[in-house]
Amino acid sequence: HSGSDINKKRGNALKILIEILWKLNSKFNIAINSIEGGNLTNAITRESQAIIFLEQTHTDQIYTSLKEIIPEIQNLYKGTDSDLLISLDLMQDYADETSLSKDFQNKLINLFYIMPNGPISLHPTSKSLVHTSLNFAVVHTLEKFIELKVSTRSLAQYDRDTLFEKLKSLIAMSGLDVKIEIDTIYPSWPPKFDSKLTEIAQQVYKKLFKEEVIIQAI
């Protein structure tokens, strides 16, 4: 979940895929046909895939490069995603022979590669509490455009607005023709750890159950 699990350092399948595509795109002449991943903005992406075209003469080199890259990435997620699977499957025939233009492909991969993902900042007084975060959630390749969906969260409205402004600036720097739409807005709700209601709830809980209540915020 992009709210309660964003600080667990789980892998985001889309960000991992983009990392690999960026490295391949910088070394080899590949053409991206499509990128797909994610389905919900409030879910950390579990699966993703890309279809790419490559020169047959580079197949062995790409396999060799992936054999070096994949173990390094898997090692990063040993403690959180020990069953992380990354594979390259060769397709002999594929009906859709279209691909992104090289200029668009380069700009898109660069933007997606540096797009932030995960915790942005922690709460100033409760260090284990994520204050502001971004989930790189969904990418769909459609007939005339690429769709990207992200989810931003913050305990403070100002921080969430600032993160959105930075995203717009980053997208503007990419040089891509982008249309930005805001879908669902979650209101910010700063926790008040010293509120009177919290104090009363702690007292009543201890009186009823003879133990201290654990107060948490997400």
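**Reading a helix, a core and some charged pairs**

Guide: Just after α4, Gly 175 takes a positive phi of about 80 degrees. Please keep in mind that this is a predicted model, in which local features need pLDDT of at least 70 and side-chain atom pairs count only at pLDDT 80 or more, while totals for chains, interfaces and linings use all residues. Residues are numbered from 1 along each chain as its sequence is written, and side-chain values use heavy atoms, with hydrogens and water left out.

Visitor: How many residues does helix α4 have, and what does it span from its first C-alpha to its last?

Guide: Helices (H or I, at least four residues) and strands (E, at least two) are DSSP runs, numbered from the N terminus, and the expected span of a helix is 1.5 Å times one less than its number of residues. Helix α4 covers residues 157-174, which makes 18 residues, and it reaches 26 Å, close to the 26 Å expected.

Visitor: Which residues of α4 are buried, and which exposed residues does the face turned away from them carry?

Guide: Buried means under 20% relative accessible area, exposed over 50%, and partly exposed in between, with a 1.4 Å probe and protein chains only. An α-helix has 3.6 residues a turn, so residues three or four places apart point the same way. The buried residues of α4 are Arg 160, Leu 163, Leu 167, Leu 170, Ile 171 and Ser 174. Seen down the axis of α4, they fall within an arc of 95 degrees (taken from the directions from the helix axis to the C-beta atoms), so they line one face of the helix. The face turned away from that buried side carries the exposed residues Tyr 158, Lys 166, Ala 172 and Met 173.

Visitor: What covers the buried residues of α4?

Guide: Contact means heavy atoms within 4.5 Å, and the cover includes α3 (102-114), β3 (118-122), β4 (130-141) and β5 (146-154). Thr 132 is found in strand β4 and is buried, with a relative accessible area of 3%. Leaving aside residues up to four places away in sequence, Thr 132 touches several residues, including Asp 159 and Leu 163.

Visitor: Which residues touch the most other members of the largest nonpolar core?

Guide: A nonpolar core is a set of buried Ala, Val, Leu, Ile, Met, Phe, Trp, Tyr and Cys residues joined through side-chain atoms within 4.5 Å. The largest one here has 34 residues, of which Ile 20, Leu 21, Ile 35 and Phe 112 touch the most other members. At least two residues of this core come from each of α1 (13-27), β1 (30-37), α2 (59-76), α3, β4 and α4, and the largest share, seven residues, comes from α1.

Visitor: How many salt bridges does the structure hold?

Guide: Side chains of opposite charge can pair when their charged atoms come close. A salt bridge is a side-chain nitrogen of Lys or Arg within 4 Å of a carboxyl oxygen of Asp or Glu, and the structure holds seven. One of them joins Glu 199 and Lys 196 at 3.8 Å, N to O; both residues lie in helix α5 (residues 196-209), three residues apart, about one turn of the helix. Glu 199 is partly exposed at 34% relative accessible area, whereas Lys 196 is exposed at 55%. Another salt bridge joins Lys 179 and Glu 181 at 3.3 Å, N to O, where Lys 179 is exposed at 70% relative accessibility and Glu 181 is exposed at 63%.
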